[in-house]
Amino acid sequence: MSTRIAFLKGHGTENDFVIVPDPENALDLSPAAVAALCDRRAGIGGDGVLHVVRSAAHPEATSMAAEAEWFMDYRNGDGSVAEMCGNGVRVFARYLQHAGHVSEGDLTIATRAGVKTVHIAKDGDVTVGMGSARLPEGDVTVSVGEHSWPARNVNMGNPHAVAFVDDLAQAGNLYDPPPFSPAAAYPDGVNVEFVVDRGPRHVAMRVHERGSGETRSCGTGACAVAVAAARRDGADPAVTGTPATYTVDLPGGRLVITERPDGQIEMTGPAVIVAEGEIDGEWLENALR
């Protein structure tokens, strides 16, 4: 391992990430290394790691290299691999702009959930084309303590269970994964969103992110919530022929989600780079012992 490893720190509505630029995929970012970097007391701290790699240099992304130069090799804070992170894509795009790889306007980013289209606006907000949602059949229930709620199963490239509740405090501390049933609905675990109404097409949410615990924001979760709310409200764009836009308040800020009649979903929100520096290689090696 090299003596020094460049890193940056960024966040999207306070969903924060350690950004590790590695264009040629030369670093061995093991699950233990990712967990050490994301440790908020002994490491840099973050909900996850954005490993920045050229698509052509990563075996999971070479098939997407013709469409997208850069691959977001995203890892959860516990070191596990994730298919997609909506806030992460916005911060990833902001990093590419910060590093001079792209400028304002449109670009594409490869992810494990496919190639995502991104627009960097002059006002600083970043819009991500999140693809379309899948709504698997079957009833799902999530629980906290003695309370249980029916949940909408929404897949945004990663799995979500969306529960509408009377009070966000009912979600508890969300550090541990809320129990769900049936177990077969989510064989690899699930992101769980608890949602309350704030006004017409305006909701607020808290989320347990699989592999990270409660986070300040979750982009794919906000999309899943907007989709579930539109179905609940009778505003399915595929039925009405009209786009459905929801404002989603999260502990870390606000996202605006629009689902179009063709099923495509766009998410708009801020993305900020807050610091950059170098990871001490000796510290990281010691942390892995």
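## Helix α2

Helix α2 is mostly covered, with 11 of its 13 residues buried (under 20% relative accessible area, against over 50% for exposed and in between for partly exposed; 1.4 Å probe, protein chains only). The model is predicted: local features need pLDDT of at least 70, side-chain atom pairs count only at pLDDT 80 or more, and totals for chains, interfaces and linings use all residues. Residues are numbered from 1 along each chain as its sequence is written, and side-chain values use heavy atoms, leaving out hydrogens and water.

α2 spans residues 86-98. Helices are DSSP runs of H or I, at least four residues, and strands are E runs of at least two, both numbered from the N terminus. From first C-alpha to last, α2 reaches 19 Å. That is close to the expected 18 Å, taken as 1.5 Å times one less than the number of residues. Its buried residues include Val89, Val91, Phe92, Tyr95 and Leu96. Arg90 and Arg94 are also among them. Just after α2, glycine 100 takes a positive phi of about 85°.

## Helix α1

Helix α1 covers residues 31-38. Ala33, Val34, Ala36, Leu37 and Cys38 are its buried residues. They pack against β2 (15-21), β3 (48-54), β4 (70-76), β18 (272-280) and α5 (281-287), with contact meaning heavy atoms within 4.5 Å.

## Cysteines

The count is 0 disulfides, a disulfide being a pair of cysteine sulfur atoms within 2.5 Å. Cysteine 218 is buried at 2% relative accessibility. Its closest cysteine sulfur, in cysteine 85, is 6.5 Å away, too far for a bond.

Cysteine 223 is buried at 0%. Its sulfur lies 8.7 Å from the closest cysteine sulfur, that of cysteine 218, so the two are too far apart for a bond.
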